[in-house]
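Subject: Structure handover and notes

Dear colleague,

Please find below the structure that I promised to pass on to you.

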Amino acid sequence: RRKWVHCFTDVTCVIFVAALSEYDQLMAEDDMTNRMKDALDLFRDQINSQWFYDKDIILFLNKRDLFQEKVATVPIDSVPEFSDYEGQPLDYNDGIRYFVGKFTSMNRYKERKVFTQVTCATDTGNIKFVFNACKQSVL
């Protein structure tokens, strides 16, 4: 992951995508690492790197449809990595707020905003809207 980062010195923004529905899943290549925790760690490392400190950040929290189904049956705080969750159990909106907060709190450069979009990539209308909004903020 670190080998390619120097290639991005001229970018105007960073787009990061994480799957909301993977909060209780393990990495395919490492059955000890939680997927969401890995995404949070990668997000923290990348947005706070020397290469991106002054770049706008657009965060897509994707798979909201699968998250909505899953969070109704799998409590977020039942996952050891997220035992600090204090929202209503099995609540979609509290879960979204929790994960948005987890990601945005990783930003060490407080003068820089992290623009967050909760998405469902299979909803083409939603994705068109989100990409148009992102395009306008970048241009």
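Helices (H or I, at least four residues) and strands (E, at least two) are DSSP runs, numbered from the N terminus. Lys63 has a relative accessibility of 31% and counts as partly exposed, whereas Glu22, at 17%, counts as buried; buried means under 20% relative accessible area, exposed over 50%, and partly exposed in between, with a 1.4 Å probe and protein chains only.

Before going further, please keep in mind that this is a predicted model, in which local features need pLDDT of at least 70 and side-chain atom pairs count only at pLDDT 80 or more, while totals for chains, interfaces and linings use all residues. Residues are numbered from 1 along each chain as its sequence is written, and side-chain values use heavy atoms, with hydrogens and water left out.

The overall layout

The protein chain holds 4 helices and 3 strands, and their pattern along the sequence reads β-α-β-α-α-β-α. Of its 139 residues, 39% count as buried. Among contacts in the protein chain with a separation of 6 or more, 69% come from residues 24 or more positions apart, a contact being heavy atoms within 4.5 Å.

The strands form an open sheet of 3 with the order β1-β2-β3 and parallel pairing, where two strands pair if DSSP finds at least two bridges between them. Because β1 (13-19) and β3 (114-118) stand at the edges with a single partner strand each, one side of each is left without a neighbour in the sheet. From one strand to the next the twist averages 20°. The parallel strands β1 and β2 (residues 56-62) are joined by 7 bridges, and the partner of Cys13 in β2 is Asp56. Helix α3 (residues 92-104) lies across β1, β2 and β3 and runs at about 150° to β3; here axes are lines fitted to C-alpha atoms, for helices over the stretch in contact, and angles run from 0 to 180 degrees between N-to-C directions.

More salt bridges

The count comes to 9 salt bridges in this model. One of them joins Lys55 to Asp54, with the closest N and O atoms 3.5 Å apart; Lys55 is buried, with a relative accessible area of 12%, whereas Asp54 is partly exposed at 46%. Another brings together the side chains of Lys102 and Asp84 (2.9 Å, N to O). Lys102 lies in helix α3 and Asp84 in the loop between α2 and α3, so this pair ties together parts that are 18 residues apart in sequence. Salt bridges that share partners also join Lys37, Asp41, Arg44 and Asp45 into one network.

Aromatic side chains

How many aromatic pairs does a search of the whole structure find? The search finds 12, given that rings of Phe, Tyr and Trp (its six-membered ring) pair if their centres lie within 6.5 Å, and that planes under 30 degrees apart count as stacked, over 60 as edge-to-face and the rest as tilted. The rings of Tyr53 and Tyr109 have centres 6.0 Å apart and planes at 55°, so this pair is tilted. Tyr53 is in the loop between α1 (35-47) and β2, and Tyr109 in the loop between α3 and β3, 56 residues apart. Tyr53 is partly exposed at 43% relative accessibility, and Tyr109 is partly exposed at 23%.

Phe67 and Tyr92 also make a tilted pair, with ring centres 5.8 Å apart and planes at 50°. Phe67 belongs to helix α2 (residues 64-71) and Tyr92 to helix α3, 25 residues apart, and Phe67 is buried, with a relative accessible area of 0%. One aromatic cluster is formed by Tyr23, Phe67, Phe82, Tyr85, Tyr92, Tyr98 and Phe99. The charged end of Lys70 sits over the ring of Tyr23, 5.8 Å from its centre; this requires NZ of Lys or CZ of Arg within 6 Å of the ring centre and within 35 degrees of the ring normal.

Note on methods: A salt bridge is a side-chain nitrogen of Lys or Arg within 4 Å of a carboxyl oxygen of Asp or Glu.
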